[in-house]
Every structure is written in C-alpha cells, then in structure tokens.
Amino acid sequence: MLGIGAIWGLIVLIWPMYKQFIPHQITSYLAKKANKMIGWIFPYVHIKFPEYIEEGLKRSERYDAIRNYLSTISAADVKRLKANESKNSESLVLSMDDHEEVEDTFNGVKVNWSSNVKEIQTQTQSDSGRSTTDEQRSFTLSFHGDHRNAIINTYVDHVLKEGKAIGLRNRERKLYTNNSSQEWQPWRAARRWSSIPFHHPATFDTLAMDRDKKERIIKDLEMFSKREDYYRQVGKPWKRGYLLYGPPGTGKSTMISAIANLLEYDVYDLELTTVKDNSELKKLLLDTTSKSLIVIEDIDCSLDLTGHRKNKKEEDEEEEGDEKKSKGDGRQSKVTLSGLLNSIDGLWSACSGEKIIVFTTNFVDKLDPALIRRGRMDYHIEMSYCRFEAFKVLARNYLEIESHDFYEDIERLLEEINMSPADVAEILMPKSDEEVADICIERLVKTLEEEKEKVRKLAEEEEEKEAEKKTKAEEAEKRKTEEEENKRAEEAEKKKTEEEEKKKAKRGRTVTFLQKMVSAKKK
Ligand SMILES: Nc1ncnc2c1ncn2[C@@H]1O[C@H](COP(=O)(O)OP(=O)(O)OP(=O)(O)O)[C@@H](O)[C@H]1O
Ligand SMILES: [Mg+2]
C-alpha cells in the first residue's frame, strides 16, 4: 500500500514538469486510463453541474436550482455558508461555500454534493501580456455506481424541480409593461418589456365581493395551479383565460393583483395601443415567462376589437386603410381582432409553463363573441356594485369593525342604490386620525340616503317628463283628429255645394230648351 502511495506521490510531483513535453494524444490517453483505474478502486459516479454553460456565456438554470435545493439541506449541516443576493430574489439564499460538502439521502440512498471552484487564467483582449483570473464554479454530485439509474433518472429531476420551485417562491415578482417597438433591440429580447417590482397589497381577503363567488374563483385558481399533470394528460396547454367585466370601480384591476398574489405570478400588463402590428403582438406574448398573468385591460377601448372577424382580404384592406388613418391621426396600432386571437392561440401552443390571460371590460356586450368564447376566456366573472356582503369586507378592512347599529339600514340602502365598491371604500376611509368608525359609517348612511333621494327625484322628474310627453302626444293626436274631421266636413260641404250647382245648371238648361221650343212653335 505504501508502494502504491509512493508511486502515486512521484507521479503527482513529476507530472507537471513532463506534461508539456508529452504529446496531447498521449496525455489524454493516460488520463482516460487513470480515470478507469480510479473507477476500479472507487466505484463512485460523479456528475458535474457548472455555473455557466454555452462556453461560459449563459448562466445555468440547473446550477441555480441545485443551489436553491442545497440551501435547504446545507443550512443545518454545513459550517461555511455563503449568502447570495440575487437581483431576482426577494429573500436571502444561503448556499454552502466553495469547497464544502453536504450529504443528502433519497429513498435510502446516500449521495454527496460538493461545491467546487476552479481558477482559470484568461488573456485580456488587448493582449498586453496581462491576464485575468476567472473563477469557474460547479456542483458535483457523487453516488455509488449501484444506484446510477435511480439517481440519474429520479433524484436529479427531483432536485431540479424542488430547486426551481424554491427559486420561484423566493423570487421578487415583477410587473411588466410593454415598450413601444422603437425601443426594441434586435439582439435583446428583454427590451420588449420593462419591469418594476410587483408589490400590490391586494389579496382575496381584502377584495370586496360576494363570498360564494369569491370562494368559487379561489377554488378555480388553486385547482388550475395544481393541475399540471391533468392538463398534460388531457392534451391541453396549461393555461386559463379569465374575463372580468363590470362597471368602473368594481374591483377588476384589484382582482388581477389579488390573483397574482394568490398564485405568486408575475404580471404582464399589455397595452395594445402601443403594439404596432399583429406580428409584434405575437413576439410580445411569446416573450413572457411561465407563472405569469397576461393582462389586457379595457379591451373594448384598446382597439377596434368589437367588430366581427374579417376574412383575409377584408383584413388586408383594413390594414391598408389603417395605415393611412394612422398617418393622419397619429395612431400607432394595426393590431386586428383576428391577429389578437391568433396570437393568443399561438401563445398557448408554444408555451410550456402555466399562464393565465385576463381581459377586463366595462362593456361585455360590445365584445366579439369569438374573443370571449369558452376555451379562450374560460371563466367569466362579473364584478358588480357594492352589496351588503362586499360592504362588510370593506368595513372590516377600512374600519376594523364586524357590526354596527346601522348595518341593517346599510343593507337595505345598498340593495336600492348602485354604488361601486370604490365609492363605498372612499366614503368609509377615515379622513383624519380623529375620525372613528361611527363617523365613517354615518357618512356612508348619509351619502346613501342622499343618493337615494337624488335617484327618487330623478325618477320623479323622469316620470313628470314622461307624463308631459304623453299629454303632449295626446293633445297632438286630438288636434290631428279634429283637423281630419274638419277637413272631412269641409270636403262634404264642398261636394254638396257642387252637386246643388250642377242641379241648378241642369234646371237652367231645361228651362232654356223649353223656352226655345215654345218660341219655335209660335213662329
Ligand atoms: N371589490 C373591491 N374590493 C376592494 N376594493 C375595491 C373593490 N373595488 C374597488 N375597490 C377600490 O377601488 C379602487 C379602484 O378599483 P379598481 O381599479 O379595481 O376598479 P376597476 O373595476 O378596475 O375600475 P375600471 O373599470 O375603471 O378600471 C381600488 O384601488 C380599490 O381600493
Ligand atoms: Mg381597472
């Protein structure tokens, strides 16, 4: 044993000196043989996961996933840890420091992870003789060769999946908005969207709406997010479309933030009017990540999407027309309804991860049925005026109260008056530190009563106007009948006179004839 050790020591010592004189083919042959020998002595398999791939150009997602996974097991066992601060991560990720090792067990099989770093010298571009040192990091997974299949086929997948999930949980979520195409750079897809951290505080708890309806929506969303395997099984892309419709201020945009917070998704707020044409829209949609919510707000106003789908020729003609029009009125977008439909369908066939698309509108009846049919917009959610259930949520949020003497009055008034949750929330919000819940509730009751009075007066005025209109119409009808009767009477009178004159004339002619006969006889 000592002999082998001594020979090995000698090889290690003289190898670097002679390496440069030995041809490359021989060194690689010797390396292969040496690895084989080591394999006989140590029956362990090693898999290396480098930090950078594609010749050092791209950071490996697998490396990050493994680091996240190892952070969960190394925090307890490893002495030297490294605190990683990532631009996309909200919380601190503790990973093991360089040259540390940690053990993991999977289905009773022990595996070993080590973090390695190798320094490499690179020549600077200017070739001024100066060289820089780069560090190449990697994780190495080692395990006994007997478990090769189980580890490679199952354990590695498990680690990557878990690590990715941890990364998604820790990431800082983003709100993306699309840039106008002038800002796009052909070599950087990232410029299509600008992002800021997404920190909207809305949740389903703070969302004021009917309780059953809310629960149904939450259930639907949770079901969707858990059903990756189900969607694969039935051969459907893992996506869902939600249409939110209702009057202004009823919480459509708030609901979008609540969905994003519930599912921990990023939000892509797509402003269609700044999208130049259909092909640009397609690129934008394909450039979204998984676990994201793609939102098109006020879809009825965004573009002229309310008309019926046109055939290709009509569409070409329309595009030409639009081009002329856009030069005239400065409007940028030439996105058409069928372009939008195709882009959405294309997105679903190309996307891998889970995605949700949401449209909001104040006027659902104006939209083309093709745009909102089930399959595109799977779940239609009506956001309505504030009723008692919704009010109770707002009162809890804004005033931290569960009941009040005026609750019965408020319930009755909210059934009679259509007031948006946005308005109710504004009235309930204390305007100063001195304003207690009583004052805010009284203000709401007063406002609702005033509104009711206004509505009553308006209805009265409307009724009066209606009655006046009716009287005028009746008078006009009466006048018309009278005029018609007068006309008929006049005509009858005229006819009578004419007939009498005719008779008179006839009588006159008879007398003249008799007179002529008498005078002729006399002669
Ligand atoms: N259902 C609701 N629950 C809680 N708060 C609400 C609700 N609806 C409205 N609000 C409050 O009113 C504000 C405006 O609501 P929001 O922007 O969600 O309305 P909207 O339906 O999107 O309106 P619009 O049709 O004009 O876009 C929100 O910031 C929120 O504070
Ligand atoms: Mg809105």
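In this predicted model, ligand 1 lies between domain 3 (175-310 + 331-382) and domain 4 (411-479), because both domains give residues to the shell around the ligand. That shell comprises 16 residues, of which Ala208, Pro248, Gly251, Ser253 and Ala422 are the closest. Two helices, H7 (252-263) and H15 (421-428), each supply at least two residues of the shell.

Helix H15, a contributor to the ligand shell, also packs against helix H16 (residues 437-522), the two axes coming within 8 Å and crossing at roughly 135°. Angles over 145 degrees would count as roughly antiparallel and those from 65 to 115 as roughly perpendicular; H15 and H16 are therefore oblique to each other. On the H15 side the contact is made by Val424, Ile427 and Leu428, and on the H16 side by Cys440, Arg443, Leu444 and Thr447. These contact residues divide into five nonpolar, one polar and one charged.

Helix H16 is also approached by helix H14 (residues 407-416), with axes that come within 10 Å and cross at roughly 35°. The crossing of H14 and H16 is left-handed. Here Asp409, Ile410, Leu413 and Glu416 of H14 meet Leu444, Val445, Leu448, Glu449 and Lys452 of H16. The residues of this contact comprise five nonpolar and four charged, with no polar residue among them.

Definitions and conventions: Residues are numbered from 1 along each chain as its sequence is written. Chains are lettered from A and ligands numbered from 1 in the order in which they are written. This is a predicted model: local features need pLDDT of at least 70, side-chain atom pairs count only at pLDDT 80 or more; totals for chains, interfaces and linings use all residues. A residue is near a molecule or strand if its C-beta atom, placed from the backbone, lies within 6 Å of it. Helices (H or I, at least four residues) and strands (E, at least two) are DSSP runs, numbered from the N terminus. Domain bounds come from an automatic or database domain assignment. Axes are lines fitted to C-alpha atoms, for helices over the stretch in contact, and angles run from 0 to 180 degrees between N-to-C directions. Angles under 35 degrees count as roughly parallel, over 145 as roughly antiparallel, 65 to 115 as roughly perpendicular and the rest as oblique. Two residues are in contact if their C-beta atoms, placed from the backbone, lie within 7 Å. Ala, Val, Leu, Ile, Met, Phe, Trp, Tyr, Cys and Pro count as nonpolar, Asp, Glu, Lys and Arg as charged, and the others, Gly among them, as polar. A crossing is left-handed if the near helix is turned anticlockwise from the far one by less than a right angle, and right-handed if clockwise.
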